[in-house]
Every structure is written in C-alpha cells, then in structure tokens.
Amino acid sequence: MARPDPPEDDDAALFRDAIGEVRRMEDAPPPPRKAPPRPRARMAERDDLDARSEFLRGLDALEPLAAGDTLSHRRDALPARAFQRLKRGQYAAQDELDLHGATAAQAEGLLRRFLADAALHEYGCVRIIHGKGQRADAGAPVIKNLVDRLLRQRADVMAFHSAPPAQGGTGAVLVLLARRR
C-alpha cells in the first residue's frame with residue numbers, strides 16, 4: 001500500500017517517509033555504560049610520598065652548606081684513585097643540567113629525571129650546575145644543599161665533587177654514576 005505524499009511543512013511525516021517502515025527490536029542490548037576509572041597505584045603513590053618526606057627530613061638533619069663550600073662524597077666501593085680523577089675534573093661530562101632559576105621543588109624533579117635519563121643512556125659522568133646561591137634569603141644556598149642531599153641518597157651515584165674552577169667551581173658538581181648491570 002503506497003503512502004500518500006506528506007505535506008512539505010510536516011517535518012515528522014517527512015522523516016517517517018524518509019526512513020521507511022520501522023519494526024521493534026525485542027532484545028536490544030543495553031546502551032554502553034561509561035567505562036570505570038582506571039585504577040590508581042595508591043601504594044606506589046604512598047611510597048613516593050613517604051620517600052619525599054624522608055628526603056625532606058634528611059635535609060633538615062644535616063648542617064647546610066654555604067655558597068663557597070665544596071660538595072664532595074664518595075662511596076666505599078669507588079677506588080680512591082677514581083675519586084681523585086673526578087676531583088681534578090679528568091672525567092668528561094657526558095651531559096649537563098643547569099638548575100639556575102628553578103625553585104627547590106622544580107630542581108628536585110628536574111634532577112631526578114636527569115639522573116634517570118643519564119642512567120638510561122648509561123652515562124658515566126654528568127655535570128649539574130646548581131649555582132652558588134649567593135642571593136639566598138637565609139644565607140644558605142637552597143639548590144646547592146638540595147643537590148648535595150639528593151645525590152648522597154641515590155644508589156646509582158658512586159661519587160660527586162664540586163667542579164674545578166674552569167668547569168664551574170663551587171657552583172657546579174661533577175657526578176660519577178654507577179654502570180648498569
């Protein structure tokens with residue numbers, strides 16, 4: 001049976017005419033529901049927060065360094081001869097990070113990422129420019145002290161020492177990294 005042509009101004013009739021005959025679906029699947037949120041790694045987040053808290057407590061426990069103080073640390077596993085070479089600047093820095101202008105929180109994040117990247121590329125020696133901190137409000141250079149404490153706590157840092165004068169002096173530090181196994 002043919003339908004009569006719908007009047008031009010009846011939109012609903014035009015629509016029904018355009019789609020044709022419709023039949024009801026009895027067992028239509030339910031509409032898709034919103035995907036559940038991705039699970040969070042709450043334990044890892046808590047571990048990271050605990051580690052940061054412990055790091056900050058470690059900063060408070062040690063005597064702060066002054067602007068002209070030399071940064072120096074060596075693990076027992078590193079031979080004294082290799083440490084002497086580091087102190088004299090005889091290792092070529094394979095990468096460099098400049099922390100000038102960064103806040104303490106920014107510097108910590110940048111330093112952690114830089115060291116992770118250096119380990120990924122298997123660099124043996126890197127230079128970190130922290131500045132002397134002579135414009136620090138309380139007199140203690142914040143970034144220099146942060147770099148000192150963070151490097152002491154990392155297992156992949158074999159040794160570090162303030163750079164020779166030609167490479168930045170007490171405003172930079174050369175870091176000797178452990179090789180990945």
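## Salt bridges within helices

Arginine 112 and glutamate 108 sit in helix H4 (residues 104–120), 4 residues apart, about one turn of the helix. Helices (H or I, at least four residues) and strands (E, at least two) are DSSP runs, numbered from the N terminus. This is a predicted model: local features need pLDDT of at least 70, side-chain atom pairs count only at pLDDT 80 or more, and totals for chains, interfaces and linings use all residues. Residues are numbered from 1 along each chain as its sequence is written, and side-chain values use heavy atoms, leaving out hydrogens and water.

The two side chains form a salt bridge, with the closest N and O atoms 2.9 Å apart. The term means a side-chain nitrogen of Lys or Arg within 4 Å of a carboxyl oxygen of Asp or Glu. Glutamate 108 is buried at 9% relative accessibility. Buried means under 20% relative accessible area, exposed over 50%, partly exposed in between (1.4 Å probe, protein chains only).

Helix H5 holds another pair, arginine 152 and aspartate 148. Their salt bridge spans 3.1 Å, N to O. Arginine 152 is partly exposed at 33%, while aspartate 148 is buried at 3%. Shared partners join Asp148, Arg149 and Arg152 into one network.

Glutamate 96 and arginine 127 meet in a salt bridge of 2.7 Å, N to O. Glutamate 96 lies in strand S2 and arginine 127 in strand S3, so the pair ties together parts 31 residues apart in sequence.

## Helix H5

H5 covers residues 142–153. Of its 12 residues, 9 are buried, so the helix is largely enclosed by the rest of the structure.

How values were computed. Expected span 1.5 Å × (residues − 1).
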